[in-house]
Each structure stands twice: as C-alpha cells, then as structure tokens.
Amino acid sequence: MKVALFVPCYVDQFYPQVAIATLQLLAKLGVPATYPPAQTCCGQPLANSGCEHEALPIYQHFVATFKDYDYTVVPSGSCVYHVQKHFDKLDQTPDVQHVRATTIDLIDFITQVLGVQELPGTFPHKVGLHLSCHGQRGLHQANESELTPVRDGRLRRLLASLDGIELTELDRNDECCGFGGTFCVSEAAISGRMGHDRAHDHLRNGTEVLTGGDMSCLMHLQGIVRRQQLPMRVLHAAEILNSTLTTS
Amino acid sequence: MSYLTHAGRAEAFVLDHERTSWHDETLWFVRQKRDRAVYAVPEFQELRELASQIKNHTLSRLDHYLAQFEAAALANGVQVHWAADAAEHNDLVLRIVRQHGATRVVKSKSMLTEECHLNPHLLAHGIEVIDTDLGERIIQLRDEPPSHLVLPAIHLKKEDVGETFHRHLGTAQGLTDPQQLAEAARQHLRPKFLAGEVALTGVNFAIAETGSVVVCTNEGNADLGVSLAPVHIASMGIEKLLPRLQDLGVFTRLLARSATGQPVTTYTAHYTKPAPGREMHVIIVDNGRTQQLGRPDFRASLKCIRCGACMNTCPVYRRSGGHSYDFTVPGPIGSILSPNIDLKKHSTLPFASTLCGSCTDVCPVKIDIHTQLYKWRQIVAEANHLPTAKKLGLKFMGRLLASPAAFKLSGQLARRGLRLLPHALSHHPGANAWAIARELPEPPKQSFRDWYAQQPSPTA
C-alpha cells in the first residue's frame with residue numbers, strides 16, 4: 001500500500017509535531033507514509049471565501065501531487081471534506097476521481113481502512129474531545145446531536161480504548177468552536193466568543209487535555225486557552241495516540 | 001468594522017457579554033426542547049425526507065398547483081388575488097380595507113407582511129393595524145422588526161417587556177412577572193379584537209386540492225381575529241402550497257417539533273370558505289420567489305416552512321442576535337434568501353457562518369443550507385462584492401498556493417517574522433483580528449517540511 005501524507009499548510013508551519021506524530025503513528029501501525037514535498041494546500045481558504053475559481057489551479061496541483069498514491073492521509077477532516085466535496089469543480093478525470101475517493105482523514109484511515117478500533121497504551125488524563133464540524137457532520141465520523149442523543153464516534157472510541165483515560169462529558173457535545181477558516185478574522189468578535197464558550201464548557205467539566213482530529217479548530221481554541229491562561233493542554237489526537245503506542 | 005456588515009452589527013451585540021450568554025442559552029434551551037421532541041419520534045428522519053420530497057415535487061410544478069388552488073378557492077367563494085411584489089400586495093390589502101370603509105385591522109403573525117412592510121403602508125393611509133401575536137405586539141409597541149421567525153421578541157428580556165408595557169400600556173413600573181405581563185397584554189388586546197373590522201393572517205400551508213389555507217398559532221389569536229371580523233385577508237407566498245390535504249399531516253408533525261419542541265401547535269386552523277355574509281380573501285404573493293425558483297442551486301430554499309430551527313441551532317445567530325442580519329428572515333435561512341432580494345446589500349450574510357452544517361441537519365425539510373451559503377459566497381465574489389483588500393489578498397494567495405517554491409518561502413517568512421516581532425506588535429488588535437481574543441500559535445524553529453528533509457532516509 002502506497003500512502004502519502006498531506007500536511008495542512010498551518011500544521012506544516014506552526015504544528016510540525018502534529019505531522020511528525022501522524023507519520024510516526026502510521027509507521028507504528030505498519031504503514032510507512034511518504035511526504036511528497038511538492039504539496040501546498042487543498043484550496044479551502046480561498047474557496048470558502050468565495051474564490052473557488054481562483055482555487056482551481058491549487059486543486060489541480062493537489063491532484064497532480066497525490067494521484068499516484070493508494071491513499072492520501074490527512075490529520076484534518078476539514079481538508080479531506082474539501083477535497084471530497086468541492087473538487088467536483090474539476091473535470092472528473094480518473095485521476096481526480098481517484099484522489100477524491102482516496103484522500104482520507106487520519107482517524108478514518110486507522111479505523112476504516114486499517115480496521116483498528118482500539119489501541120493499547122495508557123493515558124491517565126481527563127480528556128475533552130472537540131468534534132470538528134467538517135469531520136463530524138461532513139464526513140460522518142461521529143454521531144450528531146441533531147439526529148440522536150447517543151454520543152458516539154470513531155475517535156471517541158479510539159481514545160476510550162486507552163487505559164486510564166477519562167473522557168469529558170460536555171454540556172454541548174458538538175457545538176462549533178467558531179474557527180470557520182477566514183470567519184475567524186472576518187467575524188472575529190463572534191468567532192472569539194464561540195471559542196470562549198467552547199473552552200469554558202471544557203473547563204467547567206474538568207478537561208485537562210483538549211484534543212480533536214482537526215488542528216485548525218484546536219489552534220483557535222489553543223489561542224483562547226493561552227490568552228485566558230486556562231489550565232488545559234491542547235494536543236492533536238495523533239499526538240496522544242502516538243505517545244501511547246510504543247511498538248508496531 | 002462597519003455597521004453595514006453582519007460582522008459590525010454582531011460585534012456591537014456581543015459587547016454585552018452577559019446578555020449574549022443569556023441570548024445564547026435561551027435559544028439553546030429551545031434547541032434542546034426540539035431535540036427531545038425529535039428523539040421521541042422514531043420515524044422523524046423519514047418524515048423529513050418525505051416532507052422534502054413533497055416540497056420538491058410541489059415546487060417542480062408550482063404553476064399547476066397554484067392554478068388548482070385558485071380554482072378550488074374560487075369555487076369555495078373565496079376571492080383570490082395575485083401580487084407580483086410587495087407594493088402590489090400592500091395596495092391590494094389597502095383596497096380591500098377601504099372597500100369596507102374600515103379603519104381598524106387586526107393582524108396575526110405573518111412574516112410575509114413583515115417582508116412587504118405592510119404595517120407602515122397601512123398606517124401611512126390612516127389605517128390602524130394591531131399585531132395580535134404577543135411577541136409581535138411587544139415589538140410593534142417598540143417599533144422594532146422581529147429578531148426571529150417564531151420568537152419575534154426573543155431578543156428582549158422580561159424586564160424589557162415590563163418597561164415597554166409600563167410605557168405603552170400603563171402597567172406598574174418594574175413589573176416583570178411573565179403571567180401578569182401576559183394578562184396585561186390580554187386586557188389590552190381584547191377590545192382591539194372586538195373592534196377589528198378586517199382580520200389579516202399569514203398562511204402556513206395552502207392546500208391545492210381543497211383551496212383552503214392552514215394557519216398554525218399557539219395563542220389562538222388568528223382564530224379570534226378571523227371569527228370576530230367580517231372580512232378575512234390571508235396573505236401567502238407562492239411557495240406555501242401542498243398538493244393534498246393528506247400531505248399536511250407530515251408537516252404539522254414536523255413544524256412544531258422543529259420550532260419549539262411541541263408535538264403540534266396549540267391551534268391548527270383550516271380556513272376554506274367565508275361564513276355566510278362575510279368575505280374571505282387570499283393574496284398570493286411572488287416578491288422574488290419566482291426568481292429564486294429559477295436558480296437551480298438555491299431553489300430548495302423555497303421549501304422552508306419557517307420553523308426557525310436553523311436559528312435556534314446556529315452558533316452565530318445565538319451570539320449575534322436576529323437584528324444583526326438586517327433582513328426580515330434572519331439566521332441561516334435568511335442568509336440564503338436575502339442575496340436573492342439584494343445581493344450587494346446582503347453580501348456579508350453568506351459569510352456570517354462557519355459552515356458547521358448544524359442548520360442543514362435540523363432543517364425539517366432538508367434544505368442544504370450550509371451548501372447554499374457556500375454557493376452564495378462564490379456569487380458574491382464573482383459580482384465583486386467582496387471587500388477589495390480581501391479580494392486582492394485571496395488572489396495573491398491563489399497564486400502562492402499553486403506554487404510549491406513560493407509556498408515554502410512564504411511559510412518560512414511568516415514563521416520567522418512571527419518569531420522576531422515583539423508580542424505587542426504581532427498581537428496588536430488593530431492590525432491582527434486574530435489577536436483580539438486569541439494568542440497566535442508559538443512559531444516553532446522548524447517547519448515539518450524542513451524536519452522531514454533532514455530525516456535519514458526520506459522515501460519520497
């Protein structure tokens with residue numbers, strides 16, 4: 001199986017440890033992934049701002065970079081959702097169809113492709129899981145409170161399989177954190193308030209480590225946590241899972 | 001930030017931290033009531049699908065069903081009128097009122113008449129018009145537009161209502177007890193009902209097969225108004241049609257559960273024909289709906305049954321208030337309806353969303369609201385209604401992100417710049433909107449790309 005790693009632009013620059021953890025976690029699970037250095041971005045920041053047309057060369061570049069891999073694994077559901085849903089604007093050549101079908105979120109790759117539902121390891125902390133909307137509602141990685149009272153999801157199950165972990169029960173299990181891409185600056189006041197409310201739901205319910213599958217939401221929440229000096233660490237789920245898994 | 005944008009108006013709302021919390025929690029409470037009602041109906045998702053299909057079908061042959069409705073209504077002795085726009089609608093209402101020499105009109109809840117700005121038109125022509133829905137009456141006294149489809153005065157606390165009633169209805173100063181305030185409104189409205197010469201209502205559903213209109217309320221105010229006044233005028237948008245009476249049950253099961261978490265509205269009244277010696281009029285209004293019907297990407301917005309569930313669930317709406325949208329229908333659904341009416345004026349509304357998708361998942365008729373928000377953004381940008389700086393920045397970003405070398409260089413520059421700049425400068429709220437409420441990430445020494453290149457045997 002030939003697997004590529006796609007690293008979202010802001011992760012590359014600001015959170016290299018998340019990409020390193022993803023690479024190492026995959027290796028421990030028996031999947032050596034490669035990082036094609038020609039990669040840039042999925043184009044979502046432009047398209048969500050209304051400039052889908054200007055994003056087309058980025059889409060084409062993404063397809064050209066990843067067309068020869070069986071899977072392109074991404075530690076971000078949002079980028080994956082964008083490739084799967086919005087690359088419909090390209091001519092649907094076999095390459096485009098292949099890339100749309102095989103670009104996959106890290107947690108989905110572990111649970112759906114590798115079939116790994118639980119992991120050995122110990123993480124004796126109270127962990128608050130932030131469900132990112134594009135992963136949850138877009139990629140259906142977790143149940144939605146709009147449809148069912150049952151709180152369940154792929155990452156939730158993986159985390160729950162660790163020894164010693166306690167998952168935070170939030171007042172609002174799946175409310176958006178307010179990041180929203182360029183929304184975070186174009187609607188800075190509402191974005192900040194939404195992030196405040198999410199962070200304080202975690203604080204109120206005892207979260208020590210705030211995690212999730214999408215670093216963009218976590219970057220926003222971490223910005224709030226650090227500004228308000230809240231007693232919480234923010235880690236991408238790949239960092240937790242990689243730290244607890246010792247051997248392949 | 002300009003007060004002409006959603007962001008500007010939202011920023012003003014969110015300044016009052018406690019009040020924003022109260023607004024958010026009040027609407028979240030309604031969302032939770034909705035959840036409990038939805039979870040209790042095992043076939044709820046099937047009902048949504050069925051409702052969506054009925055509406056899609058009806059919109060696909062709207063001309064046929066409109067003609068069928070008109071014929072059936074005429075046969076029932078109802079007078080049917082057609083209005084291409086708000087002005088025609090308002091003139092029709094005024095003409096009917098004048099034909100009867102009437103000066104006193106009572107009106108139950110109708111978002112269409114809000115959309116048409118009927119009240120100012122009638123008042124300007126010497127006609128008294130009293131909104132009889134409690135929430136609508138409160139905001140009418142305050143001369144404010146509704147801030148929500150179903151809960152028009154949800155932006156007001158009971159203290160605000162007490163203050164309003166003290167000023168306009170002469171209740172005791174400082175009265176905040178909801179029951180006493182509601183009783184004061186009853187006493188105030190009762191003589192208005194009795195004096196009403198023409199009763200206006202909205203329409204929740206119009207049945208093509210029977211020619212009847214269905215009005216859903218919790219207060220019974222529509223029924224009281226219509227029962228007392230000799231003339232009934234029902235105003236409806238062309239999209240309110242359902243083909244058959246048997247289709248209605250799907251929608252009455254969905255409407256109240258989605259709106260307020262009730263199993264059904266307290267009153268569901270069917271108006272089919274005028275009582276002997278009385279008149280019933282139905283005004284069928286287009287006002288931009290045909291244009292929206294002609295947009296394949298946005299046609300589904302006409303399926304809306306005005307339940308307000310998308311507002312209650314929207315994390316932006318709950319924290320920015322209905323007035324921040326500056327459109328008759330606020331919230332997510334308003335943000336996909338308003339650009340059809342005036343793209344330039346409402347150009348910031350499709351951006352007043354994180355595209356979280358919760359609106360789409362609560363919508364009882366399965367309107368793909370967040371997808372339509374995304375599509376309106378493309379149209380706003382194509383029409384050059386993006387702020388210039390944003391547009392230029394995005395064009396630059398587009399070229400950058402298609403080039404690996406430029407991408408790599410710019411990332412390095414940004415990260416190094418951030419490492420070198422003093423905190424006060426990099427986090428200046430005037431220059432960096434991110435930093436108003438948040439710290440920037442701490443820039444690492446090395447990007448992942450650089451780390452990877454240094455690994456012993458990179459296989460790429």
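These notebook entries record what I looked up in a predicted model.

**Entry 1. Chain B overall**

I read the span of the C-alpha trace of chain B along its principal axes as about 95 × 55 × 45 Å. Of the 460 residues in chain B, 46% are buried. I then turned to contacts in chain B between residues at least 6 apart in sequence, and noted that 72% of them join residues at least 24 apart.

The domain assignment of chain B gives three entries: domain 1 (6-11 + 291-382), domain 2 (41-287) and domain 3 (401-453). For domain 2 and domain 3 of chain B I looked up the C-alpha centres, which lie 54 Å apart.

**Entry 2. The six-stranded sheet of chain B**

I followed the strand order of an open sheet in chain B and wrote it down as β1-β10-β7-β4-β2-β3, six strands with parallel pairing. Strands β1 (79-83) and β3 (128-131) of chain B each have a single partner strand, so they stand at the edges, with one side of each left without a neighbour in the sheet. On average, neighbouring strands of this sheet are turned by 20° against each other, direction ignored.

- β2 (residues 104-107) of chain B pairs with β3(B) in the parallel sense over four bridges, and B:K107 stands opposite B:D131 in β3(B).
- β2(B) also pairs with β4(B), again in the parallel sense, over three bridges; here B:K107 stands opposite B:L200 in β4(B).
- β4(B) and β7(B) run parallel and are joined by four bridges, with B:A199 opposite B:H232 in β7(B).

Which way do the residues of β4(B) point, and are they buried or exposed? I found B:V198 and B:L200 pointing one way from β4(B), and B:A199 and B:T201 pointing the other way. All four of these residues are buried.

I also checked which strands helix α11 (residues 221-228) of chain B lies across. They are β2, β4 (198-201) and β7 (231-237) of chain B, and the helix runs at about 150° to β4(B).

**Entry 3. The contact between chain A and chain B**

How many residues does each chain bring to the contact? I recorded 58 residues from chain B and 65 residues from chain A. Several elements give two or more residues to the side of chain B that touches chain A, among them α1 (6-14), α2 (17-39), α18 (369-382) and α20 (404-420) of chain B. The most comes from α19(B), with six residues. By class, this side of chain B has 34 nonpolar, 13 polar and 11 charged residues.

I then examined one helix pair across the contact. Helix α4 (residues 52-66) of chain A packs with α19(B) at an angle of about 10°, the axes being 8 Å apart. Angles under 35 degrees count as roughly parallel, so α4(A) is roughly parallel to α19(B). On the chain A side, A:E54, A:A55, A:P57 and A:I58 take part; they meet B:L394, B:K395, B:G398 and B:L401 in α19(B). I counted the residues of this helix contact by class as five nonpolar, one polar and two charged.

**Entry 4. Domains of chain A**

The domain assignment of chain A gives domain 1 (3-113) and domain 2 (126-244). Their C-alpha centres lie 21 Å apart. I found 27 residues of domain 1 of chain A in contact with 22 residues of domain 2 of chain A.

The elements giving two or more residues to the domain 1 side include α3 (44-48), α5 (77-86) and α7 (106-113) of chain A. The largest share of that side, six residues, comes from α2(A). By class, the domain 1 side has 15 nonpolar, 10 polar and two charged residues.

Strand β7 (residues 209-212) of chain A runs parallel to β8(A), and four bridges join them. The bridge partner of A:V209 in β8(A) is A:R233.

Key: Residues numbered from 1 in each chain as written. Chains lettered and ligands numbered in written order. Predicted model: local features only at pLDDT ≥ 70, side-chain atom pairs only at ≥ 80, totals over all residues. Pairing = 2+ DSSP bridges. Axes fitted to C-alpha atoms, helices over the stretch in contact; angles between N-to-C directions. Contact = placed C-beta atoms within 7 Å. Nonpolar A, V, L, I, M, F, W, Y, C, P; charged D, E, K, R; others polar. Domains from an automatic or database assignment. Buried ≥ 20, exposed ≤ 12 C-beta atoms within 10 Å, placed from the backbone. Parallel < 35°, antiparallel > 145°, perpendicular 65-115°, else oblique.
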